[in-house]
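Dear colleague,

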Amino acid sequence: MSVAVTPEIGLSTYLVLASILFGLGFMGVATGRHLMRTLMCVELMLNAVNLALVAINNTVNPGDLSGQVFAIFVLTVSAAEAAVGIAIVIALFKNTGSVDADAFKELKG
Amino acid sequence: MDTLVFWFFAVVSVLMAIGVVFAPSVLYAALCLLSVFFCMAGFFLLNNADFLAVAQVMVYAVGLTIVLMFGLMFTGNQALPAQDNKWGWLVKTIAVFSGLSIAGVLAKASSSFVPKFVTPMAEPMKQNVIANGTATQLGELLLTKYILPFELVSVLLLIAMIGAILLSKKTFSDQGSGVFFSFDEGKLVPEALGWKKDVGLE
Amino acid sequence: MVFSADALSSALLDNDWTGFLLKQGVPFLSPEFILILTLLLIIVLSLFSVGKTENKPENAINSPVVSLLASNSWNLAMGGTVLALLTVIAHYFLFFFNHFDVGYSVLYGMFKADLLSVASRTFLLVGFIIVLLMSKRYVATFMAKQASEFFAILLTAFTGAMFLCGSIDFVSAFVSLETLGISSYLLVGYLRNNQQSTEASLKYLVYGGASSALFLFGLALLYGLMGGSTSLETLPLALNSGVKELSAWLPIALVLVMAGVGFKISAAPFHMWTPDVYEGAPTPVTAFLSVVSKLAAFVFAIRFLLPFAGHVGSVTILVSLLALLSMLVGNTIALKQTNIKRLLAYSTIAHAGYLLLGLTVLQYHSLATVLFYLFTYVFMNLGAFACVLVTSDLLKTETIADMAGLGKAKPMLVAMFSIFLLGLAGMPITAGFFAKLFLFQALVTENPITLGMVLLALVASTVSIYYYLNVIRTMVVAEPSDAVKALMGQTESNAGCALMAGGGTSSLCGSTSMRWAMILSLAGTLLLGVLATPIMTVCDVAMYELIQAGKQLEPESAQPPANVGGVTTSASSTNP
């Protein structure tokens with residue numbers, strides 16, 4: 001798609017950027033074999049959402065910062081999720097000695 | 001100037017995001033993620049979100065990246081063996097295609113976004129926010145309007161911390177002493193553990 | 001900022017905290033506060049328990065009360081839950097005497113205390129009591145040293161579900177959904193030396209993380225469309241003002257949000273995690289996920305989709321697509337399952353399909369039947385999982401073929417299991433029959449166009465009867481398998497056991513709590529059929545009030561919602 005280069009960066013440009021980052025993150029979650037990379041890509045997706053929220057807030061209703069509050073909650077929750085995720089990966093690594101998503105055949109998808 | 005800064009961050013963040021997904025080593029991917037986090041902080045500054053930018057650097061770029069590095073050290077940064085899955089390429093193709101299509105659909109919709117509901121007072125409000133900073137208003141919102149999710153997320157953080165420590169603790173023995181049930185009928189029977197046998201590597 | 005700071009500062013000036021809290025409707029959150037206090041108490045007291053301090057005797061507190069409480073985290077959790085249930089029941093009286101026709105907005109419109117949230121929280125609490133009864137002996141057997149943490153995490157997950165039932169704000173909905181989600185990841189992986197358990201947990205985490213990101217992107221888009229307001233109550237306002245301009249945008253936001261909700265209710269095509277997680281997780285946790293997560297997420301789905309009724313045709317198309325796919329996938333793949341937990345996982349997906357069918361019409365009676373279906377589903381599914389827990393503990397296997405001939409060894413257990421499975425299949429006498437009957441009837445009468453889909457659902461539930469009956473046939477008719485023979489040998493040498501109580505090796509089915517869990521589920525499964533009319537009335541009233549409340553929010557004429565962001569909180573609540 002073509003994004004018009006305007007002197008002022010509009011909301012749609014930010015949203016297009018957020019969508020690209022979001023799509024890349026999704027791609028990484030779907031293809032990634034290394035579990036750590038999968039977790040990183042989830043964080044990438046959540047960051048893209050944060051970018052969209054902050055940009056929307058600044059354009060649509062800059063007087064009420066509820067979008068930024070939302071972004072703070074996303075940030076907090078994603079940090080908790082990453083901590084839990086890494087703990088689970090470590091537990092799985094202790095059990096199997098591998099961090100390869102393709103190596104786990106115990107449960108058939 | 002803002003435009004220039006925006007395009008710089010935009011190009012860097014997209015390139016680094018591609019790096020997160022496709023970098024050969026996971027360590028490089030983590031470093032790429034770090035620079036994406038910094039670019040995000042830059043975008044936040046461009047959008048008058050000063051507090052959030054600082055929080056982004058502190059939580060993501062410092063905290064989370066370090067935790068990721070620790071995770072990599074625990075699990076070892078080893079190369080994965082070559083794939084022997086017959087349908088692996090198909091899965092990969094579908095995944096790449098779906099990722100691209102998600103990005104495409106969202107971006108197509110985004111490029112036509114008409115901010116229909118923009119507040120008439122947007123510009124003076126923006127100036128006001130720029131003049132006063134966001135921290136005061138954010139604090140007030142967090143402790144009044146959003147007090148309920150704020151309290152709930154504090155419980156969540158506590159439990160996530162406890163759970164993460166529990167799951168990744170070094171030694172672990174499920175051979176319980178039965179302390180928990182000192183008042184219940186019956187006693188613990190070790191044979192009952194048989195059908196879900198522990199397979200720890202300790 | 002006008003909305004919040006003024007109320008708070010005036011309360012501060014008058015030093016009238018109780019008045020302020022009452023005005024914000026905080027007493028309506030008392031069950032959640034009780035649960036949170038209980039879980040904090042469990043965490044703090046567990047530090048002093050004998051198991052934690054045995055290596056460091058100097059940390060032990062020599063108080064009989066502390067040591068008694070510390071070693072009884074299950075009893076604490078149960079006590080807190082029962083207390084919360086009592087307070088929720090007290091809320092019914094508040095509602096009947098005060099006539100909150102459209103509910104009460106709690107804490108600046110973050111939570112809606114209406115009959116829907118009160119009724120669904122009642123059944124959530126009853127279901128949670130059964131889950132606690134199921135997990136008592138299991139936890140003591142498999143994770144004795146980490147018991148108090150297990151119950152703390154379980155209570156956190158449950159608190160998230162409770163908040164989700166009343167969330168009418170994007171932020172509180174997201175936070176409660178994630179509280180439920182993240183604690184569930186921990187619970188699924190709690191048997192951390194067991195590879196299946198950790199693997200299931202990781203799968204759940206990856207799928208959950210991706211789907212919550214999709215959910216969030218949808219919420220972010222809606223946040224922009226609603227003019228910078230996070231409250232669901234401004235959604236009707238935004239929809240009324242510019243449907244045509246929004247038409248390109250709304251479907252995308254809707255699909256994204258429904259991806260997040262569909263993940264939690266395990267609707268196809270977001271169901272991929274379900275069989276693996278159900279199989280790998282500790283069985284009480286599986287029961288918790290299949291009932292509590294599902295009920296709470298469905299209540300949120302009802303709240304979220306209702307404003308779209310009559311506005312966007314794509315909602316109907318989207319939801320019926322999800323429903324049809326779920327029925328198809330769930331019922332066909334369930335046919336060839338050999339593991340009982342995987343079978344129940346696919347049956348859960350199929351049930352999500354039937355329930356989603358009820359959301360296609362978005363009129364009050366069909367939504368009420370969805371609610372009733374969910375309530376009966378709580379008891380039937382929990383009962384089935386309780387039976388799975390006992391059976392797999394007796395036979396040390398979860399394969400259906402190994403359960404052959406179990407009826408000869410444990411007739412009472414098999415009878416109960418059969419009733420739960422027949423209930424899930426929708427056979428008469430059980431509440432499952434009435435639930436299906438009401439749902440399909442309401443759908444056809446309220447919108448005849450859905451007739452085709454109802455016929456498909458009937459075909460699907462006929463198929464489902466086959467695989468449920470197949471399990472019962474294996475247990476009752478077939479020749480005993482080796483596992484059952486071994487069990488019968490033990491029982492003979494260990495004569496004098498009660499009907500359900502097992503022989504020497506069994507630890508679970510001999511336990512009183514397990515028996516109570518099964519009896520409660522059985523009572524629910526049968527009684528909800530008998531008491532169908534009064535409970536259906538409650539559901540009808542709840543849904544009617546919800547729709548009335550939504551109508552009050554819609555303006556008579558379309559207005560530009562220019563400063564929607566500021567006026568969200570005060571407009572919605574009608575004070576008594």
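What percentage of the 576 residues in chain C are buried? Buried residues make up 63% of them, where buried means that 20 or more other C-beta atoms lie within 10 Å of a residue's own, exposed means 12 or fewer, and partly exposed lies in between, with C-beta atoms placed from the backbone.

Please note that this is a predicted model, in which local features need pLDDT of at least 70 and side-chain atom pairs count only at pLDDT 80 or more, whereas totals for chains, interfaces and linings use all residues. Residues are numbered from 1 along each chain as its sequence is written, and chains are lettered from A and ligands numbered from 1 in the order in which they are written.

Chain C

The secondary structure of chain C consists of 25 helices and two strands; helices (H or I, at least four residues) and strands (E, at least two) are DSSP runs numbered from the N terminus. Of the contacts in chain C between residues at least 6 apart in sequence, 80% join residues at least 24 apart. Two residues are in contact if their C-beta atoms, placed from the backbone, lie within 7 Å.

Helix 3 of chain C covers residues 30-46.

The peptide bond from C:Ala268 to C:Pro269 is cis, with omega near 5°, and C:Pro269 sits in the loop between helix 13 (250-264) and helix 14 (273-280) of chain C. C:Leu107, a residue other than glycine, has a positive phi near 50°. It belongs to the loop between strand 1 (104-106) and strand 2 (111-113) of chain C, and C:Leu107 counts as buried because 22 other C-beta atoms lie within 10 Å. C:Lys396 is likewise not a glycine and has a positive phi of about 60°. C:Lys396 lies in the loop between helix 18 (364-395) and helix 19 (406-409) of chain C, and is partly exposed, with 16 C-beta neighbours inside 10 Å.

Chains A and B

The contact between chain A and chain B takes 67 residues from chain A and 77 residues from chain B. Helix 1 (11-31), helix 2 (35-60) and helix 3 (66-96) of chain A each supply at least two residues of the chain A side. The largest share of that side, 23 residues, comes from helix 3 of chain A. By class, the chain A side has 44 nonpolar, 17 polar and six charged residues; Ala, Val, Leu, Ile, Met, Phe, Trp, Tyr, Cys and Pro count as nonpolar, Asp, Glu, Lys and Arg as charged, and the others, Gly among them, as polar.

Within chain B, the domain assignment gives domain 1 (1-76) and domain 2 (130-168), with bounds that come from an automatic or database assignment. The domain centres, taken over C-alpha atoms, are separated by 22 Å. Their contact takes four residues from domain 1 of chain B and five residues from domain 2 of chain B.

B:Leu46 is found in helix 2 (residues 26-46) of chain B. Leaving aside neighbours within four places in sequence, B:Leu46 is in contact with B:Asp2, B:Val5 and B:Phe6.

With kind regards

Note on methods
The expected span of a helix is 1.5 Å times one less than its number of residues.
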